[in-house]
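Work through these exercises with the structure open beside you. Try each task before you read its solution.

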Amino acid sequence: MATKSALTQQLGVVAGFDDPRVDLEQYRTPPELAAHLVHTADLQGDVEGRTVVDLGCGTGMLALAAALRGPEHVVGVDIDPAPLSTARENQRRVGTSSGVSWVRADAAAPGVCPAGETTVIMNPPFGAQRGNEHADRAFLATAAEIADVSYSIHNADSADFVESFAADNDGTVTHAFQADFDLPRTFDFHDEERRHIDVEVFRVRWD
Ligand SMILES: C[S@@+](CC[C@H](N)C(=O)[O-])C[C@H]1O[C@@H](n2cnc3c(N)ncnc32)[C@H](O)[C@@H]1O
């Protein structure tokens with residue numbers, strides 16, 4: 001297995017959103033965090049030979065990280081067609097030979113029912129925008145429906161929420177770790193060049 005730092009380096013070519021939409025919380029997952037999540041998943045046997053679905057794939061960062069680790073197939077799902085074009089271009093840049101399908105769909109009401117053993121990886125909207133609270137809940141519900149294991153990035157202090165959602169939906173949180181998320185200035189209302197966000201990543205096994 002290649003190292004996490006080699007994976008981070010390969011993901012360095014993944015371009016960000018051309019014209020990011022604030023209502024959809026479109027910001028690129030940092031390559032370091034994507035590599036950390038996917039390397040951890042790979043060590044758990046949750047990538048190789050499996051179907052991996054990235055819900056809210058955006059630029060394809062997480063999907064492409066998984067595609068570099070020998071999955072059976074990768075599916076990237078986003079509701080907005082614009083980032084899916086970017087993701088296709090990013091696939092070309094990364095140069096993975098694994099099959100990746102880019103699908104326009106609502107991750108909260110997926111028409112995607114992958115066959116076989118499925119891992120969901122995702123950096124869903126945190127629900128930070130007004131009227132969009134608990135956006136990550138619908139993504140977790142989809143993971144519970146289509147996957148037997150999921151890895152999801154949430155804002156800090158989400159442990160109680162994720163654990164209780166999992167418990168109510170035949171899931172168990174088996175791993176959790178904190179990570180740094182360095183968000184470059186993306187939207188007009190961001191008044192700093194970079195903002196540091198504390199996030200938490202959870203692995204949930206769904207029965
Ligand atoms: C935080 S970004 C994820 C970024 C992605 N991991 C990347 O590195 O580019 C959240 C993504 O979820 C997508 N999204 C928001 N609501 C969605 C929905 N209901 N169904 C599918 N995708 C959605 C947004 O368009 C955005 O690309």
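**Exercise 1.** Find which residues Leu 62 is in contact with, leaving aside its neighbours within four places in sequence.

*Solution.* Start with the term: two residues are in contact if their C-beta atoms, placed from the backbone, lie within 7 Å. Now leave aside the neighbours within four places in sequence. Leu 62 is then in contact with Thr 29, Ala 34, Leu 37, Val 38, Asp 54, Cys 57, Ile 121 and Asn 123.

Two notes before you go on. This is a predicted model: local features need pLDDT of at least 70, side-chain atom pairs count only at pLDDT 80 or more, and totals for chains, interfaces and linings use all residues. Residues are numbered from 1 along each chain as its sequence is written.

**Exercise 2.** Name the residues that touch the most other members of the largest nonpolar core.

*Solution.* First, the terms. A residue is buried if 20 or more other C-beta atoms lie within 10 Å of its own, exposed if 12 or fewer, and partly exposed in between; these C-beta atoms are placed from the backbone. A nonpolar core is a set of buried Ala, Val, Leu, Ile, Met, Phe, Trp, Tyr and Cys residues joined through C-beta atoms within 7 Å. The largest such core has 48 residues, and Val 38, Leu 62, Ala 65, Ala 66 and Ile 121 touch the most other members. Helix 3 gives the most to this core, with seven residues. Helices (H or I, at least four residues) and strands (E, at least two) are DSSP runs, numbered from the N terminus.

**Exercise 3.** Check why the length of helix 2 agrees with its number of residues.

*Solution.* The expected span is 1.5 Å times one less than the number of residues. Helix 2 covers residues 31-43, so its 13 residues should span 18 Å. The end C-alpha atoms are 18 Å apart, which agrees. Next, look at burial. In helix 2, the buried residues include Leu 33, Leu 37 and Val 38. Their cover includes helix 1 (4-11), helix 3 and strand 4 (118-122). Just after helix 2, Gly 45 takes a positive phi of about 80 degrees.

**Exercise 4.** Which way do the residues of strand 4 point, and how does strand 4 pair with strand 1?

*Solution.* Take the directions first. Thr 118, Val 120 and Met 122 point one way; Thr 119 and Ile 121 point the other way. All of them are buried. Now the pairing, which needs at least two DSSP bridges between two strands. Strand 1 (residues 51-55) and strand 4 run parallel and are joined by five bridges. Asp 54 has Ile 121 as its bridge partner in strand 4.

**Exercise 5.** Follow the pairing onward from strand 4 to strand 5, then to strand 7.

*Solution.* Strand 4 pairs with strand 5 in the parallel sense, over four bridges. Val 120 has Ser 150 as its partner in strand 5, and Ile 121 has Tyr 151. Strand 5 then pairs with strand 7 in the antiparallel sense, over seven bridges. Here Ser 150 stands opposite Val 204 in strand 7. Strand 5 is mostly covered, with six of its seven residues buried.

**Exercise 6.** Why does Leu 55 count as buried?

*Solution.* Locate Leu 55 in strand 1. Count its C-beta neighbours inside 10 Å: there are 31, so Leu 55 is buried. Then compare sequence with space. Leu 55 and Asn 123 are 68 residues apart in sequence, yet 7.6 Å apart in space, C-alpha to C-alpha.
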